[in-house]
Structures are given as structure tokens and as C-alpha cells.
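Here is a short report on one protein model. Look at the sequence and the 3D view, then read on.

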Amino acid sequence: MKRFLLGFLFLATFACSPKSSDKDNTLAQISNPEVMKYAVNGKALYENYCANCHQKDGKGLGKLIPPLKESDYFKESIHRAVWIMKNGQKGEIIVNGEAYNQAMPANPQLTALEISQISTYLYNIWGNEEGVISSKDVEKFLSEKPENL
């Protein structure tokens, strides 16, 4: 009887544990090993610096903070996204037809490598496949304010 109960408890625990899917584990969407090297650190950095507002799933915070996932504004320009990560942004923007006017604080402490890792992570999940965004790319983007900002 004891064995039966232990077996039952094991099966019940296993059956009731939360299941993760490829949609939940966004790193699982990345098959390129070079991209993965950047994205693993990028995910951790994103969760530390960005997810409080944009949320881990990238859906934003209602009408206050815009989404990154499936965002026309985000997809439109890697240059602009990199610039905003480092320098912040003020003023109204339109994302997927919705107006947002909450300032995003600058992150001057982030290095070009860290921004490269965050960018590579974000631009290679949620159906995006931009490949590696190198720290050299980031340095170039940060050297000149984007026209579309």
C-alpha cells in the first residue's frame, strides 16, 4: 500500500507541475549557436533591466508601457532600439496604433556588449530572426542619433 501511495503521489506531482512550451521558453526558439551565446546573457540582462516595465513576455504594461513583442515600433529600427536602451526616451510614441507617453529612463551603465546581448536576445525571439547584433554594431548605432527618433 505504501508503494502505491508513493507512486500515486509521484505521478500526481508530475502531472500537476506546470508545463513549459517553446512560447514560454523564448531561448528555445534560437537554433544558431552564435546567436545563443549572446542571447543567454541577453535574457538575464533583459530580465534585470527591462522586464520590470516591458514584462518578461515583452507585452508591456497596459497603456502605460509599450510592448516589445509584436511591436511595429520595436521592429522598425534596431538602431533606434539600441539608442533608446542606452539613452532613454521622452515624448509620445505610437506603438501598434496606440499612443504611449511614459518616459523610458536611460541606462548609461550598460556597456556596448551588454546592449549587444540584450538586442540579440530580443531580435531573435518572438518570431524575429535578426542574428547577432554585435558590440561593434552597437557602438556604431550609439555614435549617431537615429533619424527616426
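## Cysteines

A search of the whole structure finds zero disulfides. This is a predicted model. A disulfide is a covalent bond between the sulfur atoms of two cysteines. The cut-off for a disulfide is 2.5 Å.

Cys53 is likewise in no disulfide, with the sulfur of Cys50 as its nearest cysteine sulfur. Cys50 is buried, at 12% relative accessible area. Cys53 counts as partly exposed, at 36%.

## Aromatic pairs

How many aromatic pairs does the structure hold? There are two. One is formed by Tyr46 and Tyr121. Tyr46 lies in helix H2, residues 33–49, and Tyr121 in helix H6, residues 112–122. The pair therefore ties together parts that are 75 residues apart in sequence. Tyr46 is buried, with a relative accessible area of 0%. Tyr121 is buried too, at 1%.

Phe74 and Tyr123 also form a pair. Their ring centres are 4.2 Å apart and their planes are at 15°, so this pair is stacked. Phe74 sits in helix H4, residues 72–76. Tyr123 sits in the loop between H6 and helix H7, which covers 135–142. Again the pair links distant parts of the chain, here 49 residues apart. Are these two residues buried or exposed? Phe74 is buried, at 6% relative accessible area. Tyr123 counts as buried, at 2%.

## A charge over a ring

Now look at Arg80. Its charged end sits over the ring of Tyr73. The distance to the ring centre is 3.6 Å.

## The largest pocket

The largest pocket has a volume of about 530 Å³. It is lined by 33 residues. Which of them are closest to the pocket centre? They are His54, Pro66, Leu68, Ile84 and Met104.

Several elements each supply at least two lining residues. They are H2, helix H3 (51–54), H4, helix H5 (78–87), strand E1 (93–95) and H6. H5 gives the largest share, four residues. What kinds of residues form the lining? It divides into 23 nonpolar, eight polar and two charged residues.

## Far in sequence

Asn41 has its place in helix H2. It counts as partly exposed, at 39% relative accessibility. Asn41 and Ser116 are 75 residues apart along the chain. Their C-alpha atoms are separated by 9.8 Å.

## Positive phi angles

Most residues other than glycine have a negative phi. Gln55 is not a glycine, yet it has a positive phi of about 75°. Gln55 is found in the loop between H3 and H4. It counts as partly exposed, at 24% relative accessibility.

Trp126 also has a positive phi, of about 55°, although it is not a glycine. Where is Trp126 found? It is in the loop between H6 and H7. Trp126 is buried, with a relative accessible area of 10%.

Terms used
Residues are numbered from 1 along each chain as its sequence is written. This is a predicted model: local features need pLDDT of at least 70, side-chain atom pairs count only at pLDDT 80 or more; totals for chains, interfaces and linings use all residues. Side-chain values use heavy atoms; hydrogens and water are left out. Buried means under 20% relative accessible area, exposed over 50%, partly exposed in between (1.4 Å probe, protein chains only). Rings of Phe, Tyr and Trp (its six-membered ring) pair if their centres lie within 6.5 Å; planes under 30 degrees apart count as stacked, over 60 as edge-to-face and the rest as tilted. A charge sits over a ring if NZ of Lys or CZ of Arg is within 6 Å of the ring centre and within 35 degrees of the ring normal. On a 1 Å grid over the protein atoms alone, a cavity is a set of points where a 1.4 Å probe fits but cannot get out, and a pocket is an open set with protein on both sides within 12 Å along at least five of seven lines; lining residues have an atom within 4 Å of a point. Grid points are joined across faces, edges and corners, and a volume is the space filled by probe spheres set on the points. Ala, Val, Leu, Ile, Met, Phe, Trp, Tyr, Cys and Pro count as nonpolar, Asp, Glu, Lys and Arg as charged, and the others, Gly among them, as polar.
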